[in-house]
Amino acid sequence: MKKEVKDTIIVELGEQLKNFPHFYLVDLAGLNAEKTSELRRKCFKNEIKLLMVKNTLLHKAFEASDIDFSPLYDCLKGNTAIMFTQTANVPAKLIKEYKKEGIPALKGAYAEESFFVGADKLEELVAIKSKSELIADVVALLQSPIKNVVSGLNAGGKIHGLLDAIAERNK
């Protein structure tokens, strides 16, 4: 491969690192053509960009980045594919589907501005909630007291009786 081509690939990888806030490094060795095509289709369906990369070129893209990716340098051995995504836990869920076969195997990940190194971190990555899931949780927590008040008001006579009992006790 010519130096100009390598430089272009490094720049393109650097752009992807800037455009996507989360990425996973996985080992796809052992997947046959049919399973690889199936994985690529699932990635496309889940808005994951899957790329096969040379470890040395990815290492150089990491070095050129504004973020210190040095915790992931040890993951750059053997076959490496990178999964870029906007939602932190989607690739983890996809990898978990294939966990029975052991392929793709998680090498490391950069998600929610944190590093996860090793296949044992898969469950932690699956448990990460997306921004929309967190917003839904906060809204549900905020609505809970309001729902209790509304249901109490709908009870009508019970609240009136309770207020009368409190007023009698305070006399």
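Guide: What covers the buried residues of H3 includes helix H1 (3–19), strand E1 (22–27), strand E2 (49–53) and E3. This is a predicted model, where local features need pLDDT of at least 70, side-chain atom pairs count only at pLDDT 80 or more, and totals for chains, interfaces and linings use all residues. Residues are numbered from 1 along each chain as its sequence is written, and side-chain values use heavy atoms, with hydrogens and water left out.

Visitor: Which residues of helix H3 are buried?

Guide: In H3 (residues 55–64) they're Asn55, Leu57, Leu58, Ala61 and Phe62. Buried means under 20% relative accessible area, exposed over 50%, partly exposed in between (1.4 Å probe, protein chains only).

Visitor: How do you know that the buried residues of H3 line one face of the helix?

Guide: Seen down the axis of H3, they fall within an arc of 165°, so they line one face. The arc is that of the directions from the helix axis to the C-beta atoms. Thr56 and Ala64 are exposed, on the face turned away from the buried side.

Visitor: Why are H1 and H3 called oblique to each other?

Guide: They pack at an angle of about 55°. Angles under 35 degrees count as roughly parallel, over 145 as roughly antiparallel, 65 to 115 as roughly perpendicular and the rest as oblique, so H1 and H3 are oblique.

Visitor: And what makes Thr85 buried?

Guide: Thr85, in strand E3 (residues 80–85), has a relative accessible area of 1%, so by the cut-off of under 20% Thr85 is buried.

Methods:
Helix = DSSP H or I, 4+ residues; strand = E, 2+ residues; numbered from the N terminus. Contact = heavy atoms within 4.5 Å. Axes fitted to C-alpha atoms, helices over the stretch in contact; angles between N-to-C directions.
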